[in-house]
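Here are my notes on the model, point by point. Please read them with the coordinates open.

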Number of protein chains: 2
Amino acid sequence: VKARQFVLEGDLELSSGVVLPGARMTCCAYGDLNAARDNAVLFPTRFGASHGENEFLIGTGKALDPDKYSILVPNLFGNGISSSPSNAPPPYDGPAFPRVTIHDAVRFQRQQFANVLGLTRFRLAVGWSMGAQQAYEWACQAPDAVERLVVICGAARTSEHNKVFLKSLQAAILADRRWKDGRYESEPVDGLRAAGRIYAGWAYSQDWYRAGLHLKMGTFPDLDAYLAGYWDALFEKRVAANLLAMINTWIAHDVSANDRYGGDLEHALAAIRARTLLVPCDHDLYFPTADNELELKSIRNGELVELKSVWGHMAASGQSEADNRFIDRLLTEHLRQ
Amino acid sequence: VKARQFVLEGDLELSSGVVLPGARMTCCAYGDLNAARDNAVLFPTRFGASHGENEFLIGTGKALDPDKYSILVPNLFGNGISSSPSNAPPPYDGPAFPRVTIHDAVRFQRQQFANVLGLTRFRLAVGWSMGAQQAYEWACQAPDAVERLVVICGAARTSEHNKVFLKSLQAAILADRRWKDGRYESEPVDGLRAAGRIYAGWAYSQDWYRAGLHLKMGTFPDLDAYLAGYWDALFEKRVAANLLAMINTWIAHDVSANDRYGGDLEHALAAIRARTLLVPCDHDLYFPTADNELELKSIRNGELVELKSVWGHMAASGQSEADNRFIDRLLTEHLRQ
């Protein structure tokens with residue numbers, strides 16, 4: 001997919017009061033903005049991923065068609081491409097990188113898109129997982145800016161149970177004494193691998209493992225080969241400080257945790273003006289359908305379509321062809337309305 | 001509850017070929033055996049627990065009534081009371097403790113009960129979680145010895161998904177470099193705490209956390225206080241080598257992984273003669289109902305009753321009064337038949 005990459009730079013003012021000077025947000029645009037600037041689609045990145053991981057849903061003939069839309073993919077702070085512990089200059093580097101909330105990231109996106117691109121309105125904001133959190137936040141923070149919203153395996157506020165999972169990832173990384181309270185000389189690779197193995201149990205469903213689909217994620221003869229070859233390999237390359245920064249961003253996510261909504265989630269959801277589609281997956285172990293159903297009650301123009309897939313949370317990761325097609329059809333219909 | 005505690009001692013012959021000489025199995029008996037020796041109930045312990053944790057289901061007027069039955073609770077090897085890494089003499093102490101399977105433990109129980117107590121038949125074998133694994137193994141290994149079987153939140157073979165969860169516990173403990181490949185001078189407390197926090201996400205359900213029941217596990221103002229006050233406190237006291245031994249026992253569990261059944265699970269299940277009741281919990285995240293449903297197809301005289309409880313796997317831990325009563329009623333009915 002042909003993309004145009006650019007960097008938006010500015011001071012990042014955080015809810016905590018800290019300012020990260022000269023923050024850099026790397027974006028990718030697929031397709032051109034029209035003269036009226038009314039064909040933009042926002043599609044933010046997910047946890048531990050960059051714009052490339054969104055490309056499976058973008059293409060000619062797909063719902064997110066760059067011949068029709070300008071699909072804008074901002075990389076989330078902490079992902080190693082936009083400002084992150086791994087690339088921030090001192091004194092904000094490594095574990096000293098300040099906590100960025102989804103609210104902060106979206107405020108920065110709004111300012112930059114308006115000031116640099118003259119872009120204040122999106123035909124659609126869509127995302128999966130942490131990308132869905134950003135899309136949700138956009139619709140609450142700037143209700144007039146989002147015409148349509150599609151939340152895939154995401155929630156308006158990180159649930160208590162989801163936080164338990166996330167805090168277990170933190171604990172596993174920090175248990176590796178290489179971490180040394182952040183003054184580490186080498187990456188805590190054993191902690192990172194443990195975090196990967198924790199993730200392995202949550203990402204896919206019990207039914208997915210029962211069907212033996214894990215063995216097809218490579219040429220894996222058994223479970224141990226899969227855990228070593230897929231998850232260890234994925235996580236041992238990670239930068240611990242980046243992962244920890246994004247985990248903190250995830251934990252803090254709450255569209256109502258700001259002055260405007262004062263922690264009143266129903267109020268924040270009721271402010272959404274976008275035509276909203278919530279798409280939980282019936283096998284998702286950390287963004288269960290029940291959370292979206294509760295949210296739906298407060299959304300004025302919303303509906304919920306459950307994705308049925310043993311791929312669980314990963315149903316919308318791009319790894320499952322059938323689920324990719326299902327999501328593409330949902331997006332096509334939602335953009336048509 | 002009045003109990004009589006005793007120790008059965010003998011050589012433990014393991015499937016691996018290793019022999020653990022003078023292995024000690026601590027048992028508790030609640031109620032006396034009658035002259036015919038036909039009123040015994042077997043109720044083995046679960047992961048990381050000892051006989052005391054089974055007592056909530058034992059008592060006059062309950063299904064497991066010591067006035068009617070002799071309820072025998074053997075402590076599982078590795079739990080710190082029966083032979084375990086923490087109490088075995090060299091050269092079998094600590095991480096050198098040999099791997100004990102559920103099959104091995106049940107074979108030892110059978111030999112000892114027959115030789116010392118003259119006990120070869122149980123009115124009922126019942127257990128929860130790893131206790132259920134032992135009860136299941138008894139019914140497959142000695143079909144004539146078990147008249148009735150009740151499996152609560154357990155399975156005949158540890159599922160692949162369940163192993164992923166268990167292997168993440170191992171990885172978190174081993175990530176703590178205090179462990180030093182087993183030659184540790186102090187317990188890997190950070191790894192143990194991380195393991196506790198992993199457990200926290202699996203033990204109870206998403207709905208349980210949404211209902212805020214975690215805050216009622218003590219006087220906890222918020223999630224962090226709960227994780228620190230409940231799970232960290234629970235796991236930082238553990239002996240890592242004992243936990244790792246029991247995790248290995250759990251991972252290896254498979255009623256068909258032996259010469260008699262040669263890995264043929266359906267064959268092993270079809271050998272069960274006990275009137276069997278499988279009791280999964282609808283919110284259990286690691287012993288899902290679907291696993292029991294598949295098993296049920298091969299059991300000649302079996303039925304399945306699903307426990308509906310947001311307590312998830314912990315529904316049968318004794319912490320939920322409503323679930324305790326439900327289980328007691330099921331056991332009462334099952335013993336009557």
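1. Terms for the sheets. Two strands pair if DSSP finds at least two bridges between them. Helices (H or I, at least four residues) and strands (E, at least two) are DSSP runs, numbered from the N terminus. In chain B, B:Glu9 has B:Arg24 of E2(B) as its bridge partner.

2. Basis. This is a predicted model, where local features need pLDDT of at least 70, side-chain atom pairs count only at pLDDT 80 or more, and totals for chains, interfaces and linings use all residues. Residues are numbered from 1 along each chain as its sequence is written, chains are lettered from A and ligands numbered from 1 in the order in which they are written, and side-chain values use heavy atoms, with hydrogens and water left out.

3. Hairpin in chain B. E1(B) and strand E2 (residues 19–30) of chain B run antiparallel, joined by nine bridges. The two strands form a hairpin with five residues between them. In the turn, B:Gly17 has a positive phi of about 105 degrees.

4. Sheet of chain B. Eight strands make an open sheet with mixed pairing. Their order is E1-E2-E4-E3-E5-E6-E7-E8 (chain B). Strand E1 (4–13) and strand E8 (302–304) of chain B each have a single partner strand, so one side of each lacks a neighbour in the sheet. Neighbouring strands of this sheet are turned by 20 degrees against each other on average, direction ignored. Axes are lines fitted to C-alpha atoms, for helices over the stretch in contact, and angles run from 0 to 180 degrees between N-to-C directions.

5. Strand E5 (residues 124–128) and strand E6 (residues 148–152) of chain B run parallel, with four bridges. B:Ala125 has B:Leu149 as its bridge partner in E6(B). Helix H2 (residues 130–141) of chain B lies across strand E3 (40–42), E5, E6 and strand E7 (275–279) of chain B. H2 runs at about 150 degrees to E5(B). Helix H9 (residues 289–296) of chain B also packs on the sheet and touches E7 and E8 of chain B, where contact means heavy atoms within 4.5 Å. The direction of this helix makes about 160 degrees with that of E8(B).

6. Sheet of chain A. An open sheet of eight strands has the order E1-E2-E4-E3-E5-E6-E7-E8 (chain A), and its pairing is mixed. Strand E1 (4–13) and strand E8 (302–304) of chain A are the edge strands, each pairing on one side only. Strand E2 (residues 19–30) and strand E4 (residues 70–74) of chain A are antiparallel over four bridges.

7. Backbone points to check. Which peptide bond in chain A is cis, with omega near 5 degrees? The bond from A:Pro90 to A:Pro91 is. A:Pro91 lies in the loop between E4 and helix H1 (102–117) of chain A. In chain B, the bond from B:Pro90 to B:Pro91 is cis, with omega near 5 degrees. A:Ser129 is not a glycine, yet has a positive phi of about 60 degrees. A:Ser129 sits in the loop between E5 and H2 of chain A.

8. Interface extent. Chain A gives 35 residues to the contact and chain B gives 35 residues. The buried area is about 3000 Å² (accessible area, 1.4 Å probe, that two parts lose on being put together, summed over both). Carbon and sulfur atoms give 68% of that area. A:His161, A:Val164 and A:Arg210 lose the most area in chain A, together 19% of what that side buries.

9. Charge pairs. Side chains of opposite charge can pair when their charged atoms come close. A salt bridge is a side-chain nitrogen of Lys or Arg within 4 Å of a carboxyl oxygen of Asp or Glu. The whole structure holds 34 salt bridges over all chains. Between chain A and chain B the count is four. One of them links B:Arg210 with A:Asp291, the closest N and O atoms being 2.7 Å apart. A:Lys167 forms a salt bridge with B:Asp224, with closest N and O atoms 2.7 Å apart. A:Lys167 lies in helix H3 of chain A and B:Asp224 in helix H6 (residues 223–236) of chain B, so the pair joins two chains.
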